[in-house]
Amino acid sequence: MATATETSARGAAPHPDVTSYSDVNRDILAILQRPGKGWWALFGLATAGVGLMFFSWGIQLVKGIGVAGISKPVGWGVYITTFVFWVGIAHSGTLVSAILFLFRAPWRQSIYRAAEAMTVFAVMTAGLFPLIHVGRPWLAYWLVPYPNARFLWPNFRSPLVWDVFAVTTYFTVSATFFYLGTIPDIAAAREAATGLRKKFYQFISLGWRGTDREWHHFGKAYIFLAALATPLVLSVHSVVSWDFAMGITPGWHATIFAPYFVAGAIFSGMAMVITLTVPLRKVFGLQAYLTTKHYDAMAKLILLTSMIVLYAYLTEFFMAWYSGEEIERTSFWDRLFGSYWWATWTMLVCNGIVPIMLWFKRVRHSIPALFVISIFINIGMWFERFVIIVVSQHHEFVPFAWGVYRPSMVEMGILIGSFAWFGFWFLIFCRLLPPVAIAELKEVLPAPMRRKEAVDHG
Amino acid sequence: MSSIHIPEDIPVRYLERSKRGDLLVAALVVVGLGSFVAALIVDSHMAWISWVSNWLFFTSVAMGAVVFAAATTIVKARWNWSTKRVSAAFAAYLPFAFLTLLPMLSLGGSYFPWVAEMAHDPILQSKQAYLNLPFLVARNVVGAAALFGVALYFAYLVVRPDLKAMSTASGDHPGRARWRDRLGVGWIGQEEEEVRSWHRLQVISPVLVLVYAVVMSMFAIDWAMSLEPHWFSTLFGGWFFMGAFWAGIAVTAVSISRLIPLHPDFRTSMGLQQRHDLGKLAFGFTVFWTYLFWSQYIVIWYGKLPWEQAWMIRRADAPWGNMSALTIFLCFVVPFAGLLGKRAKLNPGTLSLFCSVILVGLWLERWMLVAPSLHHDGDSVFPLWYPLIACLFAGLMLASVRWFLATFPVIQVWQPPEPIEMLEPERATSLTPR
C-alpha cells in the first residue's frame, strides 16, 4: 500500500536489524506458533478475570442495579467512568492507522496492527458498560430507532442517543479498517499454517494472492478508509464528552470538553499501546521491529497530548475562578480540596506532572521508564474520568443534595474484569493474527532485487 | 505518495525589490494611517474597535505562520523544505505587532466595559484580581514581548546558517550585507552553524509552541472575551489560537502562489508536492476550525444558560446575524467545497483564491469576536473604517515580509539532511546482517 517512508542510502533504515523479507515472515509468524508458559499463565489470569466480571454482573442481574453504589446524587459512577476510559483507549488505533498514515509518519508501521486490534477490543469492552449501567440489558434494543409497535422512539436530542450512533459507527469503521489491513498478512500466515488453522486463514484471507491488481485495490481502499476514519477520531470522543458537557452540572458544562476529551483519549490510547507492546516485544522477541525510535515517537505524541490535557485542566480551573459564579468556583474548589481530593491529585500528578519527564530524551529512550510512565498515565486517565463524572455530581447546586459515592464490590469486580476481558481478546489476537504488520514492514525494507543490483554496481 | 526529494544545491534567490511593490506598501500605509486619524476624529469608538480587531487578525496571521514553521520543525517535516522560510518570514511583522499593541494599552475605560461596571457589579468585583488595568497592561507587555521575542529568535536561528551562502551569491546590496554582518557575529563555520542551529531549533520550537498557546489565549481573553465580562468559555483561547495557526497555513499558501510566477526556481521548488500538502492542511483546518466552533456553539446552545448564551444570541440575532452567517460561509462552506478536490490544491491560482477566502473569513471572525460585544444602537455592523484601517496593518505586514524575503533567501539554502534520530549509534552499529 502507499506509504511514504523516506529511506535513503545513508543507513536511515527504520529497522536496521531486519535484513530480508523472509526474516519478517519468520519472526512475526513465529508468534503464531505454539504458545509458551507465559502466554498460558496470562490467558488463565484473563479468563479468571472475565469470570469475575460475569459473576459480578450476574449478581447485579439477579439482585438488581441496587447492588451497585450508584444512587442519588451520583447516578453515574464506576460504570460510566470505565466506559469513557475504554472508549478513550480505543482512540489511538485509528489515530495511528488513519491520521498518522495521512501525515506520512513512517514510524506507525510497527505498532499500527497492535494499536488497531487494541481499538477494536477496547470498543468491545466499552460497549459492555452502557449495557451493565442500564441495569436491564435485555431492553437495550430500545436505544435503536426503528418503527415499532410500542411507538417508542429514542429522544434524538439526547446526547446518549448520539453516543449510540457515534460508538457503533466508530466500531464498524475501525473493525473494517483493522480487518482490511490484516488480509495480506493472514494470507502470509495461511501459507505457513496447517490443518484447521489453515482452513480458518483460507476463509478469512478472502483468497488473497498478492497480485498487482489486488494490491492496487487494497491501496485505494486503505487510503479511502483512512480519510473516512480521520473525522471519526475526533467525533467519537467529542460525542462522549457531550454526554457531560450538555448538562449544566458545574464541572461538566464546559465548551472545551470536546477537543479536551479527544486529546485525553489519544493520550491514554498511546499510553496503552506502550503498556501492551513493551511486554509483547519482550515475550516474542520483537526488539528488531519495535525499536527505541518507535517508542521515542510515541512518547513525543504522549507528551504533546499531555500538554493539551494540562492546558485544559488549567483553563478549567482558571475559568471556574474567572466566571465569578459561586457554584463554579465552589465546585472546582471541592475538586481540589473536597472529599475526593485524592482522585483529583492523582489525575493531576499522573497526567500533568509525570509526563513532564518525557521532555528528556534519555527517558524517551528508556523502555522500562516508558512502561512505568505509561502505567501512571493509564491510572491517571481513569481517575480523570472519575473526577469529571463522579466528583462533579457529588457536589452540585443544592447543599441538601450533596453526597459521597463509594463504589461497591460488584462495581469493582466489573471494573477489574473489564481489564481481563480486554486482555483476554488481545491475547487471543496475538495468537491468531500477526500482531505486527508483515506487508507494511516489508515496504520499508530494502527490496531484495534492488539490494542485489546495488552490490553488482558497487 | 513518494519520498521527498530535496536538491543538493539550492539556489540563493531573493525577492526582487520593485517600485510597484514599494508604492503599494506606501499607499496602504498612508490610506490606513489617514483613515485611522480621520476615524479618531469622526468616531473614536469605532476607530479603536477596528484597530484592535485588525491587530488581533494580523498578529494571528504572523504568529500562526511562524508557529506553523516551528511545528513542521518539531515533527521534522521534509515536504515543506522550500516553503518554510516563507512561513518564518512573517516573524518580520512582529516588531510592528508590538508597536501597534502599545497604543491599545492606553485605552482603559474607553475600550473595556468592565472598567466602568466594576463599581456596581459584585461578580466583576470578585474577579478584580484579573480584570484590572495595571495587571492587564503588565501581562500584555510581558506576554507579547516573550512571544514575539521567542518567535524572532526562532527566525534568527532559521536564517543564520544561510548567511555564508548569501555572501557568496551574486547580487549583494548594502542593506543585505549590513544584516548579514550584524546577524553573523561569531560565525563558527558552515557545518557547525547548521548543526548548532538545528539543535537549538529542536529546543526553541516546542518552547515557542507552548508560549504561543498561553499568550494567544491571554490575548483572546483580554481583548475579546472580557468585553462581555460575565461571559466565559473554556474553549475560547484554543479556538482563537488554532484559527491563527490555520491563518498561518493559508497565508503561506497565498504567499507561495504569489512567488511562483516570479522566478523559475520558485516554480520548480514550490511544486506539486508543496502545494498539495499546503492545500490539504488548509482544507483539514477548515474542518477543524468548524469543529471547534461547533464544539463551543452546541454546548452553549444546549445548556441554555442566560449568561452564557447572551454572547451567542447577540451574534445570531439582528443586526449581527448576517455577518455571522457570512463568516461561517467564508470560513467553512467556501474553502470546504473549494479545496475538497485535488486539482484545486495543485493549481496555484485556485489554492491562492480559496486560501484568500479563508483569510478574509478569519479577518471577519476576529471582527465578530470584538465588535458585537461593544455595539451601541445605531452602529454599523461593518463600518468602512474596518477595511480602511486594515490597510495600515496589511501595508506593514507586506512591507516587513517583503523586506525579509528580499534580505534573506526565499528558499532556505541549508537543510537538515536527515532526521537526526536516524543517525544515532543504534542505527550505525547494527547494519550488519544477523
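How much space lies in the second largest cavity? I found about 120 Å³ there. I was working with a predicted model, in which local features need pLDDT of at least 70, side-chain atom pairs count only at pLDDT 80 or more, totals for chains, interfaces and linings use all residues, and side-chain values use heavy atoms, with hydrogens and water left out. Residues are numbered from 1 along each chain as its sequence is written, while chains are lettered from A and ligands numbered from 1 in the order in which they are written.

**Entry 1: cavities**

I noted the terms before reading further. On a 1 Å grid over the protein atoms alone, a cavity is a set of points where a 1.4 Å probe fits but cannot get out, and a pocket is an open set with protein on both sides within 12 Å along at least five of seven lines; lining residues have an atom within 4 Å of a point. Grid points are joined across faces, edges and corners, and a volume is the space filled by probe spheres set on the points.

A search of the whole structure gave me three cavities of 30 Å³ or more. The largest cavity holds about 180 Å³. I counted 22 residues in its lining, and B:Thr73, B:Ala77, B:Lys84, B:Trp198 and B:Pro416 lie nearest its centre.

For the second largest cavity, I recorded about 120 Å³. Of its 14 lining residues, A:His253, A:Ala254, A:Glu328, B:Phe232 and B:Thr234 are the closest to the centre. Helix H10 of chain A supplies the largest share of this lining, three residues. By class, I listed six nonpolar, five polar and three charged residues (Ala, Val, Leu, Ile, Met, Phe, Trp, Tyr, Cys and Pro count as nonpolar, Asp, Glu, Lys and Arg as charged, and the others, Gly among them, as polar).

**Entry 2: the second largest pocket**

I read a volume of about 1,300 Å³ for the second largest pocket. Of the 37 residues that line this pocket, B:Val254, B:Ser255, B:Arg258, B:Leu398 and B:Arg402 are the closest to its centre. H18(B) gives the most to the lining, with seven residues. The lining divides into 24 nonpolar, seven polar and six charged residues.

**Entry 3: helices of chain A**

Helices (H or I, at least four residues) are DSSP runs, numbered from the N terminus. The expected span of a helix is 1.5 Å times one less than its number of residues. Buried means under 20% relative accessible area (1.4 Å probe, protein chains only).

Helix H3(A), residues 78–89, reaches 16 Å from its first C-alpha to its last, close to the 16 Å expected. I found twelve of its twelve residues buried; A:Trp86 is one of them.

H9(A) has 27 residues, and its end C-alpha atoms are 39 Å apart, which agrees with the 39 Å it should span. Since 24 of the 27 residues are buried, H9(A) is largely enclosed by the rest of the structure. A:Gly285 follows H9(A) and has a positive phi, near 60°.

**Entry 4: the largest nonpolar core**

A nonpolar core is a set of buried Ala, Val, Leu, Ile, Met, Phe, Trp, Tyr and Cys residues joined through side-chain atoms within 4.5 Å. The largest one has 308 residues, and B:Trp223 is among those that touch the most other members. Helix H2 of chain B gives the most to this core, with 19 residues.

How values were computed:
Helix = DSSP H or I, 4+ residues; strand = E, 2+ residues; numbered from the N terminus. Buried < 20%, exposed > 50% of the residue type's maximum accessible area, 1.4 Å probe, protein only.
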